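Please keep the sequence and the structure in view while reading.

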Amino acid sequence: MEKVVGSPREWIDRNESAKTMLARVLTARPLLLLPPLHRVPLRVGNVVELVGTSPSAKTHILIQAAVSCVLPKEWNGVHYGGLDRLFCLNVLGSLKKIDQEHMDFDLWNNDTKKSPTYDEELYSLCMRRFLFIRCYDSFQFLATLKTLHYRIRKEQELHGISVHILMIDSIGAFHWIDRASTFMPLGATNRKTPSLQTVSETVVQEIRKLLLLHPMLVIATKATIFGDRYSMETKRNLGKLDTSNSRSMSSTSLQLPYREYMPSVWQMILSFEPMTMIARSIFQNGCSHHRVLWINLLSKRPVSSWSHELREDLVCSLGSFLISNMMPIKST
Amino acid sequence: MEVGLDIKFFQRERRKKEEGGVLIHQLYIVLHVTTARGERGKCEMAPLKYLEQEYPILDSNFQNFCATHGIFSEEDLLLHDLHVLVAFAEQQSTSERLKQGITQVLSIIDGQHQPWLNGMELLEDAQLNKHVLSTGCEGIDLLLQGGLRMGQLTELVGASSSGKTQLELNLRSQIQKGDCQVQLLIVDSMSSLVTPILGGGGSQGHALMTSAGFLLKKLAHEHNLVVLVTNHTVGGEGGISKPALGESWKSIPHVRLRLSHDQGSSIYNVSVFKHPSMASGKAARFTIYD
């Protein structure tokens with residue numbers, strides 16, 4: 001897309017100043033604050049993955065994000081602080097009672113803002129901004145992705161606002177089915193056989209195209225499916241993480257308790273390393289709660305190429321939050 | 001068509017594991033036939049030439065154009081980049097007609113997925129159709145906020161003689177007689193059907209297990225059923241028993257309950273492994289009278 005320059009001078013001259021560039025980028029790709037992941041610099045256009053065994057509150061975080069997304073900033077004088085945008089949820093496999101939780105969340109939001117009555121109009125407005133679809137196999141998922149552009153355009157015309165978040169729950173749902181599908185190759189040799197690799201490539205391709213047309217944040221959850229051989233190690237590390245209470249720690253012994261199974265083409269599209277959620281039940285005040293730790297590896301820096309030992313410092317940020325009775329989330 | 005394919009790669013597994021194999025085969029066929037009967041927008045991936053009868057714009061010229069790009073059926077279309085195809089179509093002499101064909105095909109693809117819903121529609125469906133079925137045991141009902149919910153797949157994990165079958169009998173007696181609608185589907189036990197085909201290093205066993213799980217959830221949602229499956233336990237790390245069927249199965253059921261039984265008494269313990277709206281670890285006790 002480079003325009004032809006007339007002289008070398010023109011080529012050296014700047015296109016825009018840093019100020020205009022930042023102004024442009026920050027409006028086109030705004031930062032999104034989604035509790036409880038508000039410490040992670042999520043921007044529109046990023047692709048994020050949340051990993052954890054089952055159960056580890058991944059879907060719960062999605063719902064929390066959904067509620068923040070559809071609530072308006074202000075309504076009838078009450079400040080809700082939401083993002084005031086549309087929200088798309090793509091469920092692979094099946095749904096877990098999302099509507100009930102959603103309703104509870106909205107009611108809770110109403111209560112905490114001390115509004116005297118349950119605002120029916122606001123509630124139905126927000127619920128209509130939540131778009132949802134189920135897919136029962138990879139082909140249905142691909143069909144959805146291919147037609148998502150038109151669907152989003154239609155909804156944007158209807159509501160007058162854009163889509164900010166697309167969620168996929170969960171991305172590895174059809175992994176085994178795709179892996180095992182052995183279709184007889186018939187006819188021409190240039191025909192693509194549906195396999196795990198081709199399906200993943202097409203999914204990534206469609207998501208990239210979609211992000212060009214409709215910039216939005218894509219969050220995918222993923223369940224671990226290869227057992228926790230490191231579970232003992234994890235428990236020890238959890239203890240360390242809890243007590244150390246530091247925001248960043250370098251630890252070469254920090255092993256993640258799962259094995260990566262998504263093809264590399266999917267891993268390339270992610271903006272960050274997958275965020276691991278580890279949940280533990282704790283008992284407090286006679287009720288059981290979920291304490292969830294999330295770990296996000298931000299960067300890997302090789303220490304020095306001169307030293308004989310090749311040591312990599314893993315810088316990670318972590319946080320924890322508490323889920324009591326699956327309702328309010330208190331961040332610690 | 002799908003049923004035929006699954007019998008094929010299932011028969012490879014059968015050479016190794018005879019008995020258990022036949023059972024999972026039958027379960028899978030039954031589930032698939034049941035869903036096919038209730039389905040509206042069928043996703044049959046037809047070859048392109050069969051579509052010509054219904055959509056005359058997908059004529060032989062279009063089919064030949066697609067064939068040069070390796071597209072012979074709807075599945076191939078889904079795996080292909082349609083924008084690239086449009087760009088190629090522009091270079092042809094019949095570009096207008098080809099592009100119309102591609103647009104037609106895109107609208108066919110739009111009918112291949114489930115319908116989009118918004119929050120209000122979901123809520124309506126939940127309030128009208130997805131009621132709660134009491135288990136007949138007060139302790140469990142209190143724990144589960146009323147009982148088992150329709151549209152959800154519930155798993156009962158427990159060693160043998162831990163009360164699973166008694167609970168199922170209780171549940172069955174709760175069904176209202178005279179109602180023509182099917183309300184409850186029990187698979188007892190999922191583990192004895194699936195475990196024989198899980199080993200062997202191939203992925204067909206896991207694929208069948210996850211497919212069966214998804215089909216059960218689909219049935220639960222579309223026909224508003226309570227679906228209950230049972231599972232047994234195996235030894236885990238440090239001698240603690242854990243549910244069978246492995247890590248992949250863990251994320252499939254909506255609700256997972258652990259049952260155990262004190263020897264000689266009629267008091268049973270139930271605890272929650274996983275539930276969409278409560279933390280795991282909550283427990284209760286209940287009694288079953290013979």
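**Helix α7 of chain B and its surroundings**

Helix α4 (residues 60-68) of chain B and helix α7 (residues 95-110) of chain B have axes that come within 10 Å and cross at roughly 80°, so α4(B) is roughly perpendicular to α7(B). The model is a predicted one.

Contact between the two helices
- From α4(B), the residues Asn61(B), Phe62(B) and Phe65(B) meet Leu98(B), Gly101(B), Ile102(B) and Val105(B) of α7(B).
- Sorted by class, this contact of α4(B) with α7(B) has five nonpolar and two polar residues, and no charged residues.

Length and sides of α7(B)
- At 1.5 Å a residue, the 16 residues of α7(B) should span 22 Å, and the end C-alpha atoms of this helix are 23 Å apart, which agrees.
- Buried in α7(B) are Ser95(B), Leu98(B), Gly101(B), Ile102(B), Val105(B), Leu106(B), Ile108(B) and Ile109(B).

Chain B as a whole
- The secondary structure of chain B comes to 13 helices and 11 strands, and buried residues make up 52% of its 290 residues.
- Of the contacts in chain B between residues at least 6 apart in sequence, 61% join residues at least 24 apart.

How values were computed
Residues are numbered from 1 along each chain as its sequence is written. Chains are lettered from A and ligands numbered from 1 in the order in which they are written. This is a predicted model: local features need pLDDT of at least 70, side-chain atom pairs count only at pLDDT 80 or more; totals for chains, interfaces and linings use all residues. Side-chain values use heavy atoms; hydrogens and water are left out. Axes are lines fitted to C-alpha atoms, for helices over the stretch in contact, and angles run from 0 to 180 degrees between N-to-C directions. Helices (H or I, at least four residues) and strands (E, at least two) are DSSP runs, numbered from the N terminus. Angles under 35 degrees count as roughly parallel, over 145 as roughly antiparallel, 65 to 115 as roughly perpendicular and the rest as oblique. Contact means heavy atoms within 4.5 Å. Ala, Val, Leu, Ile, Met, Phe, Trp, Tyr, Cys and Pro count as nonpolar, Asp, Glu, Lys and Arg as charged, and the others, Gly among them, as polar. The expected span of a helix is 1.5 Å times one less than its number of residues. Buried means under 20% relative accessible area, exposed over 50%, partly exposed in between (1.4 Å probe, protein chains only).
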